[in-house]
Amino acid sequence: MTKKLTVEQLETEIKKIAQYIAEAKLEIVAISLPSEKTGNDKNLSNAALELTEVVRHTEEATNSIMDRADAIMAIAGGLADSAAGAKLGDEAVAILEACSFQDITGQRIKKVMSTLEQIEMRVGRLVKLLGGDMPDSVKVAEIDTGKRRADEDLLNGPQMGKDKPSQDDIDKLFSAN
Amino acid sequence: MAINKAMPILIVDDYKTMLRIVRGLLNQLGFTNIDEATDGTMAWEMVQRKPYGLIVSDWNMEPMSGFEFLKLVRTNEATKKLPFVMVTAESKTENIIAAKQAGVSNYIVKPFNGITLKQKLEAVFGPF
């Protein structure tokens, strides 16, 4: 036979729940606050900034590599030994082709940042639902503005691992349809 | 369709490094008359002002994607037969089918190399 809670026990439990909700609200708000407000740099805004910096740095480095590849091609074009020049030129082109990694990594990072934005929007909505307000310094858009890109469902970004099709796979699909 | 290596080509991508790579590979194939756009909206404005012989476009761009740009190109009387090659990281079956149904001339998945680019252009224009 279950023991009935006393009024005092019920009061204690309700207070614990209220305390838990108050602490959860503070933690949720802290996720989106800049580190200068919390003293903690583990937050969504900083994470997005870090990722933006990654894209910027890889773009700079890639441009530098491509500048060198262009310089090598120019040198290759002027060599007396045309066979050596052609081989050098081919290697320079291969360097250029390899630089497309920056586009792929940039797209993957963009996907992660988009996910972070979604999380931040939902955090903001949760704070509002819990009856709190986000600080003025944190601007959180509404979750669903109703705006959708026309081809939203077709935007998946680069595929990963074993799911990634080859150009041959693409060609077969293209020819079959 | 025989290829004219002097024809104006429009390359479209929101990543500047990718524009540089595609331009470099096209240069290697002998094409030097190349313009650039960074999204579908800009590309569409350029296509309406100049008679391009080929478009090479990425898909995932904002505010207008390469797919939306392709559909615009295909609905316009002056550009509906303009060779349009999609070069993109989007590689799911539904992407290929959607692009084909929208009238894309060929489809290259990133990352790619100059040999693949040449093969896909030759599939559109014939050997060169």
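1. Ground rules. This is a predicted model, with local features needing pLDDT of at least 70, side-chain atom pairs counting only at pLDDT 80 or more, and totals for chains, interfaces and linings using all residues. Residues are numbered from 1 along each chain as its sequence is written, chains are lettered from A and ligands numbered from 1 in the order in which they are written, and side-chain values use heavy atoms, with hydrogens and water left out.

2. Layout of chain B. You'll find 5 helices and 5 strands here, and along the sequence they follow β-α-β-α-β-α-β-α-β-α. The radius of gyration is 13 Å, close to the 14 Å that the globule rule gives for 128 residues, so chain B is as compact as a globular protein of that length. On terms: helices (H or I, at least four residues) and strands (E, at least two) are DSSP runs, numbered from the N terminus. The radius of gyration is taken over C-alpha atoms, and the globule rule is 2.2 Å times the number of residues to the power 0.38.

3. The C-alpha trace spans about 30 × 30 × 25 Å along its principal axes. Of the 128 residues, 61% count as buried, where buried means under 20% relative accessible area, exposed over 50% and partly exposed in between (1.4 Å probe, protein chains only). Take the contacts (heavy atoms within 4.5 Å) between residues at least 6 apart in sequence: 61% of them join residues at least 24 apart.

4. Helix α3 of chain B. This one, residues 66-75, is mostly covered, with 7 of its 10 residues buried. Those are B:Gly66, B:Phe67, B:Glu68, B:Phe69, B:Leu70, B:Val73 and B:Arg74. What lies over them includes β1 (9-12), α2 (40-49), β3 (54-57), β4 (84-88) and α4 (93-102) of chain B.

5. Aromatic pairs. The whole structure has 3 of them over all chains. B:Trp59 and B:Phe67 make a stacked pair, 4.8 Å centre to centre with 10° between the planes, and both residues are buried. B:Phe69 and B:Phe84 make a tilted pair, at 5.4 Å and 55°. B:Phe69 sits in helix α3 and B:Phe84 in strand β4, so this pair ties together parts of chain B that are 15 residues apart in sequence. B:Phe69 is buried at 0% relative accessibility, and B:Phe84 is buried at 0% too. The cut-offs: rings of Phe, Tyr and Trp (its six-membered ring) pair if their centres lie within 6.5 Å, and planes under 30 degrees apart count as stacked, over 60 as edge-to-face and the rest as tilted.

6. Cis peptide bonds, worth a look on screen. One joins B:Glu62 and B:Pro63, with omega about 5°; B:Pro63 is in the loop between β3 and α3 of chain B. Another joins B:Lys110 and B:Pro111, with omega about -5°, and B:Pro111 is in the loop between β5 (106-109) and α5 (114-125) of chain B.

7. And chain A? It has 6 helices and 0 strands, running α-α-α-α-α-α from the N terminus on. Of its 177 residues, 28% count as buried. Among chain A contacts between residues at least 6 apart in sequence, 57% join residues at least 24 apart.
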